[in-house]
Amino acid sequence: MNLEFSVKSKQTDIWWFTRLLQQGMVVFSLIALPGLVYAQEVNPLESDPRATRAGGALFRAQCATCHAPDAKGIQSIDAPDLTTLWALGDRTDASVFASIRSGVPGSIMPPHSFPDTEVWMLVSYLKSIGNASNTASIAGDAGHGAELFAANCITCHRVNGEGGSLGPELSVITAIRSRQALVSSIRNPSAILVNRYRPVSLLTRDNRRIHGTVKSEDAFSIQVMDSEQNLRAFMKADLQQLTHETRSLMPEFAIGILSDSDLDDLLGFLDSQRRNRAN
Amino acid sequence: MKFDYVFRRATASLILSVVVLNATLLHAQTNAGPSYDDILKGFDDPGRWLTYSGDYSGQRHSPLRQITPENAHQLRPVWTFQTGTTTRGRGFETTPLIDDGVLYVTGSNNYAWAIDARTGRTFWQYRRNLPDDLTYGASAPVNRGFGMLGNSLFMVTLDAHLLSFDRRSGSILWDVELADYHVGYAATLAPLVIDGKVIIGISGGEYATRGFIDAYDPETGDRIWRWNSIPGPGEPGSETWPDDPEILARGGGGTWMNGSYDPDLDLIYWGVGNPNPDYFGDLRPGDNLYSNSLVALEAETGRLRWHYQFTPHDLNDWDSNQMPVLADIEWAGEPRQVVMLANRNGFFYVLDRVTGELLLGKPFTATTWAREIGADGRPVVLNDGSNGCLPDPWGSTNFMPPSYYPELGLFFVTARETCATFVPEEPQFVPGQASFGGVVFIDNEKGSGALRALDVATGDLRWEFTYPSPTFGGVMTTASGLVFAGDHEGNFMAFNARTGENLWHYQTGSRIWGAAPMTHILDGRQYVLIPSGTTLTAFALGED
């Protein structure tokens, strides 16, 4: 009897423990449910083209004020370019979902209480306009490209830790700019001047001429990187002249200097560097 | 024993009564806080700054003369207060109030503080427990300051409440809901305290909401009156809308920026924001009153006395929520009571503030929307926004306070030169979701800013000081001949009001956005304060 009782008692204990666990799991699930939705790795609307369209309408109504209608961001309010979200390979659909849902703490980006379906629609839309896989058309000889890069570009551009700083870093450039945009930038660098690399020409009171790129500027001072890659700052009152140039400091690589085939090789090198980094 | 007990009780009661009596007497000698008469006196006591603009006129022009064009270069920071709370994408927009050496300051995310004006040290801090599903309040979690009366402070919140605080402890005396934040309402302005009333306005015109201006009892928080900025069906003004109650109910018309007050006329002057949806006008043919208007309300009743609409049937989000500035000026050889307003649409206006008659309407920026106001008082519109180069939706100026210098007859305003293309799109109306009705492409290459001095008699530009980017910093003047202003690059600056010469600047480290300076004198020393980023900095002349 005692033994029986003892066994039964243990079974009862186990039964109760199991019940407790089940109930606990239910409670736990309820608490964790939002977390589980966050943790969902796959966009449930991924294969639905209507989601992308609806996400676009939502984006224009809810997000474009800060991120601009083309989703390329507005620098003056620190709202980032969303077309490059997936480009670097460190973001997933789930992490973009979480950023929309929870916001980015300490930044301009607030949390949003849209229904999950609408957040996934936004994820679908952003992915559809993202520059995630536009390097398929790049297929040059990376080896020859490396030689060209070392001969023509490395003084001013940095790739994976090597090179100069007068121009933008190019380690992942093939992920965030289309082939067409890269070709245009190399052939005609003055066509589009981007912030922090805008050319400037200064004449100091002691008649020194300085060329460089503008890093920052206010009504009283200007901060530049000069063509020798020194960071320098000037009070405007101390300058004889300050001219915002329209011609980039980067030379134009016309077809006579860099053939189409060379250009392909150069892009091939840059793309190989990006892929090495991604791996 | 029993007798002893009774005796003790009686003695204790007597002592208590004496203590209470003493406390009452003592209390009568302590600062009971500013009365309505004190606020009415405005700058008569420059040791105080008791309402958003310093006085009811909205001129933001202090009589203090210690800091002058000659010594402004000696201005130094005396202390910096760190708020510890950030504002997403906007600014630290408050104007501190001061009474008896204590600054009362509101911050982003409905923080608030009482601060020692000599050292920047705090007496108390308040933080509102805000819900995590804020609507408009989440995208612009700002606040522009306290209202004050006696021992009470008044602050509005991002979840659309009005709070009364005890100014000595920061504890809440009452808390009333203005509107339901879930559908898109929020509140950000500094309450305007007049005789027996706390006047507030509401944010949310980007949502399917309907704006209003309210008056509350300072003692109880009971609502005294409400004026709806979008008329109801059949009410005057409803003829400027489609005959559809639903459209009127979501007509927008936020009243989110402070107004000014003429105690003699007993009229409140207040700006009204955009109609909703902002950019898509096909659903709301007509002028859409009282959106984009200046309204004069009877303070006693909240009844509309007159209105002037700056931008009929607005398609560009040009809220008219700018500070209306009251002044008595000479107009065509006659003294005239006027109200002046530099508008988001790029025009500077002077109106008779008794009747609402338009006296002057002239561009103060390169606005391509219109270049003149017709004889009928309506703008001659040239560009609806689809061709680029209007002011952008943030406007030719915005809510950053301007300043008026009566002795010089100059109106100082932060001007924004911008360029944008508007692409309207029919929106869906979902409670709690913004319905802008389209998108705007802003050409960032073509932006710049300037501090401009306008002659109020003609609207002509007297001088300007240019900034590299479109700026959101406000302005203050002092009777010593100075203009103080902030810019988007973070500089806080002093200028010669007559010439525009820059006399001094200090890099605060963050853009000055929506805030304007205030000044006061304490222990014989004049201080000038400016909020920027997450800091409030007090400046004074350097001491040897």
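In chain A of this predicted model, A:Ser178 is placed in the loop that lies between helix H7 (173-176) and helix H8 (179-187), where helices are DSSP runs of H or I with at least four residues and strands are DSSP runs of E with at least two, numbered from the N terminus. A:Ser178 is partly exposed because 14 other C-beta atoms lie within 10 Å; a residue counts as buried with 20 or more other C-beta atoms within 10 Å of its own, as exposed with 12 or fewer, and as partly exposed in between, the C-beta atoms being placed from the backbone. Between A:Ser178 and A:Asp141 there are 37 residues in sequence and 18 Å in space, taken from C-alpha to C-alpha.

Residues are numbered from 1 along each chain as its sequence is written, while chains are lettered from A and ligands numbered from 1 in the order in which they are written. As the model is predicted, local features need pLDDT of at least 70 and side-chain atom pairs count only at pLDDT 80 or more, whereas totals for chains, interfaces and linings use all residues.

Chain A is assigned domain 1 (49-129), domain 2 (142-189 + 251-278) and domain 3 (198-244), with bounds that come from an automatic or database domain assignment. The centres of domain 2 and domain 3 of chain A, taken over C-alpha atoms, are separated by 27 Å.

Helix H5 (residues 116-129) of chain A comprises 14 residues and spans 20 Å from its first C-alpha to its last, close to the expected 20 Å at 1.5 Å a residue, the expected span being 1.5 Å times one less than the number of residues. The buried residues of H5(A), among them A:Trp120, A:Met121 and A:Tyr125, pack against helix H2 (49-62) and helix H4 (93-102) of chain A.

The contact between the chains takes 21 residues from chain A and 25 residues from chain B, two residues being in contact if their C-beta atoms, placed from the backbone, lie within 7 Å. On the side of chain A that touches chain B, H2 and helix H3 (64-67) of chain A each supply at least two residues.

In chain B, four strands form an open antiparallel sheet in the order S15-S16-S17-S18, and its edge strands, S15 (260-262) and S18 (304-309), each pair on one side only; strands pair if DSSP finds at least two bridges between them. Strand S16 (residues 267-271) of chain B is joined by five bridges to the antiparallel strand S17 (residues 293-298) of chain B, and B:Trp270 stands opposite B:Val295 in S17(B).
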